[in-house]
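Colleague: Hi! I'm new to reading structures, and I'd like to learn how to look at packed helices and at a ligand site. Could we go through one together?

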Amino acid sequence: MGSTGWLPGVSAISYGGDYNPEQWPEETWAEDIELMRQAGVNLVSIGIFSWALIEPRRGEYDFGWMDRLFELLHSAGIRISLGTPTASPPAWFFHEHPEARVVSRDGATLGFGSRGMASPSSAAYREASTSIARVLAKRYGSHPALAVWHVHNEYGAPVAECYSPASAAAFRGWLRERYESLDELNSAWGTAFWGQRYHEWEHVSVPAVSASVVNPAQRLDFARYSSDALLQCFVAERDAIRAECPNVPITTNFMAGTCPSVDLWKWVDEVDIVANDHYLIAEDPRNQVGLALSADLTRSIAQGKPWMLMEHSTSGVNWQPRNVAKRSGELARNSFSHLGRGADAVMFFQWRASRSGAEKFHSAMLPHAGTSSRVWSEVRSLGQGLRGLDEVLGSEVRAEVAILWDWESFWAQDLEWRPSEDLSHRERINAYYDRLWRDQLTVDFAHPEADLSAYKLVVAPASYLLTQKAADNLRRFVEGGGTLVVSYFSAIVDEHDAVHAGGFVAPLRDVLGLTVEEFLPLRAGEKVALTLDGIVGDVWTDDIALAGAEVVAAFEDGPAAGKPAITRNQLGDGSAWYVSTRLDADQLSVVLDGAYADAGLKRGDGPEDLELVRRHGAGADYLIAINHGTKPADLAAGGTDLLSGEQGESLKVEAGGVRLVRLNGPAV
Ligand code: GLA
């Protein structure tokens, strides 16, 4: 991340949302401002989809309405997150440059009337998007209301890949840089297979739909290239802005944990502040766990620094199969979970519900029902609650556990013709994360090649692609006293999706003290019993040959009957566990309790649905307690609840309630 720190001039938790006043007559704006004041709104994102209004024809600008909006917000003391409108180029742009449209994998050219339709590799789009960014920076870059730049919107959504001729040319350029010679490329892609050897660079292209499965190494490189192409678009806009406006931080709204196509480990070095959007899986009755995962992942991408929750929803969204509304108190629980996990800004999509367009059924801070509604009163009371939290700003979250997270591995695993369609990296990550969440252990996410020395326990639920460098990193971690837990179908391939020389798990063989000789996936619905009371796996088993590990549990039946199911290997000062079948979050305790003991970690002893996170400040520590259960819970820590002002040695958290407690005693 860049060095500009937090939003300049902001010393309170930011609160607000996307504000699209261009959808309303200007008479409404005064009412908006008055209601924002009532709700405690102090930051809004504007201009995200306003290109067609700001530049109605190429090179012709109309800033009148935006100038007036800037002044109105400024006079109300509301700061501005200024969007560059490049997620939605105007109709004139596509009319002039039909070649700039996205081409999908099956060859369809995407039409106008939506958003996100421009190819990241189009030179015309690059030129037009940097130009509008520059023009905006010139006009508003020194305005005192400007707090942050919000470049584009959700890179990677709705489409992350483009198969146009311009993309094919750019992909070739990217490959030439990566491999330098065709021989290197042929070797990395294993083109001897199915007669694909290339003799001319011009013959190399994008992995469009073909007769059968397309070369997996080519597809993996195309996923890398596509993420990089989007990043280049961001960097180009950022640099155009920075040249005019060097002192205002520049960010873009990520979708950590929900958009699989962008490798955010690479992006973080290019943004000044990390910002994230998160939407609940509405139908999941325990969706607070997925929310916590996304927030922890965002904080990890932000390298532990405070981050902005740029968007979430006050109630239902409009784009899921069933847009279940949030129930009373859920808006606050969600917001404080993000805040507890490091967010110093709590923002929504959007301020006022749209009457027209594709998102008219999406909830908003000010819903169609207006100020008499439940949602509005919860929005106001959240704003009031956040007002008393200035001292929390900048405090940080610490974790002793890390889960390995690598987009490249996920891209590779998601390709076709895997040993079982029931293998899902995300399902495994969710299950292990859920277990840790219920055990009230705060989790970071880490790239497998990152420095892991701060952690006592590292969990690898889904490391299908694991480089030799990452394996060496894990070995060092274990030898140095760390505890490692590795799930099945890990360390199978290298960075080119080629099976490791030496076979499955080869780079971790000495760490785990075993080898996997053959995959033994299970039939749909088939279950296998383990030699531990009541423990049953499904989806997967391995034929394991031990090479030093001890057997914690074996399979009682199924194709691997009599073979190891869960193992533990001592290496140096640490230990490494291997789990060769799918256990659900309940059953994972049989592995993780052992790993906690090895790591010297203690799981929380509160009720399972009491979410507890700590933020550490310069002068005090804060405990954020969110009760997702139906019974009140007592906190085992004394302090002052900054939301209610109550003090006590053991504060009660009501069912569905939230506490943010400044703990007694000095900061640790
Ligand atoms: C995304 C977008 C917003 C809006 C919301 C709706 O986060 O960034 O513009 O479409 O989804 O949930």
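Colleague: At roughly what angle do the axes of helix H3 and helix H5 cross, and within what distance do they come?

Modeller: Good place to start, and keep in mind that this is a predicted model. Two packed helices are described by the angle between their axes and the distance between the axes. Here, H3 (residues 64-75) and H5 (residues 123-140) cross at roughly 45°, and their axes come within 12 Å. H3 and H5 are therefore oblique to each other, and H3 passes H5 in a right-handed crossing.

Colleague: Which residues in H3 and H5 meet?

Modeller: From H3 come Met 66, Asp 67 and Phe 70, and they meet Leu 136, Arg 139 and Tyr 140 in H5. By type, the residues of this contact divide into 4 nonpolar, no polar and 2 charged.

Colleague: Now let me try helix H14 and helix H17. How far apart are their axes?

Modeller: The axes of H14 (residues 425-438) and H17 (residues 589-599) are 11 Å apart, and the helices pack at an angle of about 60°. H14 and H17 are therefore oblique to each other. Tyr 432, Arg 435 and Leu 436 of H14 make the contact with Ser 589, Leu 592 and Tyr 596 of H17. Those residues divide into 4 nonpolar, 1 polar and 1 charged.

Colleague: And the ligand? Which residues are around it?

Modeller: Among them are Phe 49, Arg 115, Trp 319, Glu 359 and His 362. Next, look at polar side-chain atoms. One of Glu 359 lies 2.3 Å from an oxygen atom of the ligand. For Arg 115, a polar side-chain atom lies 2.7 Å from a ligand oxygen atom, and for His 362 the distance is 2.7 Å.

Definitions and conventions: Residues are numbered from 1 along each chain as its sequence is written. This is a predicted model: local features need pLDDT of at least 70, side-chain atom pairs count only at pLDDT 80 or more; totals for chains, interfaces and linings use all residues. Side-chain values use heavy atoms; hydrogens and water are left out. Axes are lines fitted to C-alpha atoms, for helices over the stretch in contact, and angles run from 0 to 180 degrees between N-to-C directions. Helices (H or I, at least four residues) and strands (E, at least two) are DSSP runs, numbered from the N terminus. Angles under 35 degrees count as roughly parallel, over 145 as roughly antiparallel, 65 to 115 as roughly perpendicular and the rest as oblique. Contact means heavy atoms within 4.5 Å. Ala, Val, Leu, Ile, Met, Phe, Trp, Tyr, Cys and Pro count as nonpolar, Asp, Glu, Lys and Arg as charged, and the others, Gly among them, as polar. A residue is near a molecule or strand if one of its heavy atoms lies within 4 Å of it. A polar contact is a pair of N or O atoms within 3.5 Å; within protein, one must be able to donate a hydrogen and the other to accept it, and residues adjacent in sequence count only if both atoms are side-chain atoms. A crossing is left-handed if the near helix is turned anticlockwise from the far one by less than a right angle, and right-handed if clockwise.
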